[in-house]
Amino acid sequence: MVIVGGGHAAAALCSALAQAGHGGRVHLVSAENELPYQRPPLSKGFLKQPDEAIAPHKSAAWYGEQGIQTRLGDPVVAIERATQRVRLRSGSDLAYQQLVLATGTRARTLEALPPGLRNVHVLRDAVDARRLRTRLGEMGAAGQRLTVLGGGFIGLELAASARQLGLEVRVLEVAPRLLGRSVSARLAEHVLSHHRGMGTEIQIGVRIGGYDIQDDRLVSIQVDDNSHLPVDELVLGIGAVPATDLADVCGLATDNGVLVDGCLRTSDPHILAIGDCAAFLTPDGARLRLESVQNANDHALTAATTLLGGEEPYRALPWFWSEQGPVRLQMAGLLPRSCDTTLRPGAKANSFTLFHLDGGKLLCAESVNAPLDHMMSRKLIASGISVDTALLGDPAVPLKSLLL
Ligand SMILES: Cc1cc2nc3c(=O)[nH]c(=O)nc-3n(C[C@H](O)[C@H](O)[C@H](O)COP(=O)(O)OP(=O)(O)OC[C@H]3O[C@@H](n4cnc5c(N)ncnc54)[C@H](O)[C@@H]3O)c2cc1C
């Protein structure tokens, strides 16, 4: 078995195979030089703590004990489906009976900003995070300002971390609101005022006219009224694209992700795809691609079952978290296009949950600093029962009692 990728999904698959007692030969091939590690801290604690180390999922000794051979810093460059072999950049190749693509995503970039600009960054992996952490430290000393392009989760987490380090931070968002792809308008409003309260300058609905580049540096950004916003350092937080190149070239079906069935098999039954790179079929026939640790971990469990000969389609409830300074956002379920929303105030200041329902059925819950609400919401949504909005919105009624 060959696993291509060294992120959350690959690591979780190794664990699931080990737990299931899989005795066969497994190779994990990663483009990165590190063993699979926790990615979420890269925009949070890791940036704020100069001494914080990258946190590996498992040690090298563990992989050795499980008989899993790791090949680091040597990406797969081609898949030869006819002969069931993968070719690595180093020139070596590996035969497979079963192949798993766990290649994740790549940070989206802009054509107008050529690669290699010295003060333009993305934040996707440990190399990006180390470089950025060093720069943030230097910027603090020099009194420079960080500009973040994009008001999505990673951009906002980074903005909050930089503010907590004492930096001046400006976020530019071209959409009419923050987190447009992922949270409700009501939560987005709360997040906006939270960041402004932290002292971050946030401009939304910005029209970008162009970028002024001199000597390998982005000097300023032209906005709206043709004014030029000076840039010390810029981080692009404009989302990610699924890493499907290998799948595309070898002729697997792709469309905003590698297309997989409910058991995570691609259009070639010897090849699976899991995690951020996989666009999977939900039990009700919809196509979904999610970028979250939950999805990577739960895909790995389903993939292990498929690889070991089982047939158990993926049906885990999506959930997600984000930490933006002192605010912890947690989402359970998927936000429907239209729904009724009920607010449940939290026990502490600046804590609440927004419940989104359709026809009395709870579909999604967005919690702010309310981890217990989040945990109970996951159970309530998974149970599929109809719930009374008056009870949901009453903080005196324990959510647990609604399950009984
Ligand atoms: C800064 C940051 C913060 C995040 N915070 C959160 C959070 O708070 N909560 C949350 O739920 N999610 C968070 N996420 C998202 C989460 O980390 C991803 O959803 C998760 O890592 C997906 O796992 P994956 O294995 O599919 O992809 P990844 O973890 O991205 O791993 C993909 C791996 O494949 C490797 N690869 C790609 N192509 C090849 C190739 N050809 N050959 C070999 N290897 C290859 C890559 O180098 C990488 O190691 C965050 C992501 C980032 C970047």
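This is a predicted model: local features need pLDDT of at least 70, side-chain atom pairs count only at pLDDT 80 or more; totals for chains, interfaces and linings use all residues.

**Around the ligand**

Author: Let's start with Ser-292, where a backbone N or O atom sits 2.9 Å from an oxygen atom of the ligand. Residues are numbered from 1 along each chain as its sequence is written, and side-chain values use heavy atoms, with hydrogens and water left out.

A polar side-chain atom of Arg-39 is 2.8 Å from a ligand oxygen, and a side-chain N or O atom of Arg-124 is 3.0 Å from a ligand oxygen. Arg-39 turns up again among the nearest of the 32 residues around the ligand, along with Ala-9, Glu-32, Lys-44 and Asp-276; a residue counts as near if one of its heavy atoms lies within 4 Å.

By type, the shell splits into 15 nonpolar, ten polar and seven charged residues (Asp, Glu, Lys and Arg are charged; Ala, Val, Leu, Ile, Met, Phe, Trp, Tyr, Cys and Pro are nonpolar; the others, Gly among them, are polar). At least two shell residues come from each of helix H1 (8–19), helix H5 (153–164), helix H8 (293–307) and strand S22 (319–324). These elements are DSSP runs numbered from the N terminus, helices being H or I with at least four residues and strands E with at least two. Domain 1 (2–106 + 240–307) and domain 2 (109–236) each give the shell at least three residues, with bounds from an automatic or database domain assignment.

Two loops are worth a glance as well. Asp-216, in the loop between strand S13 (208–214) and strand S14 (217–223), is a non-glycine residue with a positive phi, near 65°. Asn-369, in the loop between S26 and H9, likewise has a positive phi, near 50°, without being glycine.

Notes: A polar contact is a pair of N or O atoms within 3.5 Å; within protein, one must be able to donate a hydrogen and the other to accept it, and residues adjacent in sequence count only if both atoms are side-chain atoms.
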